[in-house]
Amino acid sequence: LTYTKVMEGSTPEYLSVVVDSTGESIFEGRKLVEPSNPRAFRVSPATAVRIFHLAADLNYFESVDLESHKKVANLGRKTFTYEQGGRKNRAEFNYTLRRPAQQLVEVFEKIAAVQQHVMALEYATKYDHLRLPQHLKQIQIDLDRKALAEPGLLVPALEQIARNRRFLNIAQTGARRLLERIQDGEWSARVQPAPPEAP
């Protein structure tokens, strides 16, 4: 199941998240002119189940019109694609009133937000240590807003910052606080039943 969004002038301009029923996933976020640079990761069973249940509510995008057909601003051209065997269904829209589709966009956007934070931390630890406190503060804000899905994916980068004395003390302290929040079970996934069988 794939979610893509294209919006020129935004950051990123091209966003793609692919999730299969086992949780194996791929993220890509870049400018349209940049070459493809996908990143592999894994979402929790609970998140994978939620994504596929929402897709099932939308009949796996088969013969479904998700566009609201209302006059709204350009919010980015979004596409859901479901592939299984030789079957491939696709639905495109700018803005939708269908609640399951809105929820599915929200889940994918929250996953993408975590991956963008991971990339920002990885870049800052290599090339721009002074920006680490700013990045960590933004992660804190996004956690408070419940704007992140799978924040556990941030743990390796946060642990690197917390343990390495070459980083500013304020960055190390901020990373430790985030680790405590993420690891205290607040976002721990609960195992749910397997995704529904595709029709």
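1. Seven aromatic pairs are counted in this structure, which is a predicted model. Planes under 30 degrees apart count as stacked.

2. Phe61 belongs to the loop between α1 and β5, whereas Phe80 is part of strand β5; the pair therefore ties together parts 19 residues apart in sequence. Phe61 is buried, its relative accessible area being 1%. For Phe80, also buried, the value is 0%.

3. Phe80 also pairs with Phe108, in a tilted arrangement: the planes make an angle of 40° and the distance is 6.4 Å centre to centre. Since Phe80 sits in strand β5 and Phe108 in helix α2, this pair ties together parts that are 28 residues apart in sequence. Both Phe80 and Phe108 are buried.

4. The ring pairs extend to a cluster whose members are Tyr3, Phe61, Phe80, Phe93 and Phe108.

5. On the nonpolar cores: the largest has 30 residues, and those touching the most other members are Val17, Ile51, Phe61, Phe80 and Phe108. At least two residues of this core come from each of β2, α1 (45–57), β5, β6 and α2. Helix α2 supplies the largest share, seven residues.

6. Which residues are in contact with Phe61, leaving aside its neighbours within four places in sequence? They are Leu1, Ala55, Phe80, Thr81, Tyr82, Asn89, Arg90, Ala91 and Leu104.

7. On the sheet: six strands form an open, antiparallel arrangement in the order β4-β3-β2-β1-β5-β6. Strands β4 (39–42) and β6 (87–93) are at the edges with a single partner strand each, so one side of each has no neighbour in the sheet. On average, and with direction ignored, neighbouring strands are turned by 15° against each other.

8. Within the sheet, β1 (residues 2–6) pairs with β2 (residues 14–19) over five bridges, in the antiparallel sense. Lys5 has Leu15 in β2 as its bridge partner.

9. What lies across the strands β1, β2, β3 (24–30), β4, β5 (77–84) and β6? Helix α2 (residues 99–127) does, and it runs at about 105° to β2. The helix thus named is also the one that holds Phe108 of the tilted pair with Phe80.

Technical notes. Residues numbered from 1 in each chain as written. Predicted model: local features only at pLDDT ≥ 70, side-chain atom pairs only at ≥ 80, totals over all residues. Heavy atoms only, no water. Pairing = 2+ DSSP bridges. Helix = DSSP H or I, 4+ residues; strand = E, 2+ residues; numbered from the N terminus. Axes fitted to C-alpha atoms, helices over the stretch in contact; angles between N-to-C directions. Contact = heavy atoms within 4.5 Å. Core = buried A, V, L, I, M, F, W, Y, C linked by side-chain atoms within 4.5 Å. Buried < 20%, exposed > 50% of the residue type's maximum accessible area, 1.4 Å probe, protein only. Phe/Tyr/Trp six-rings, centres within 6.5 Å; stacked < 30°, edge-to-face > 60°.
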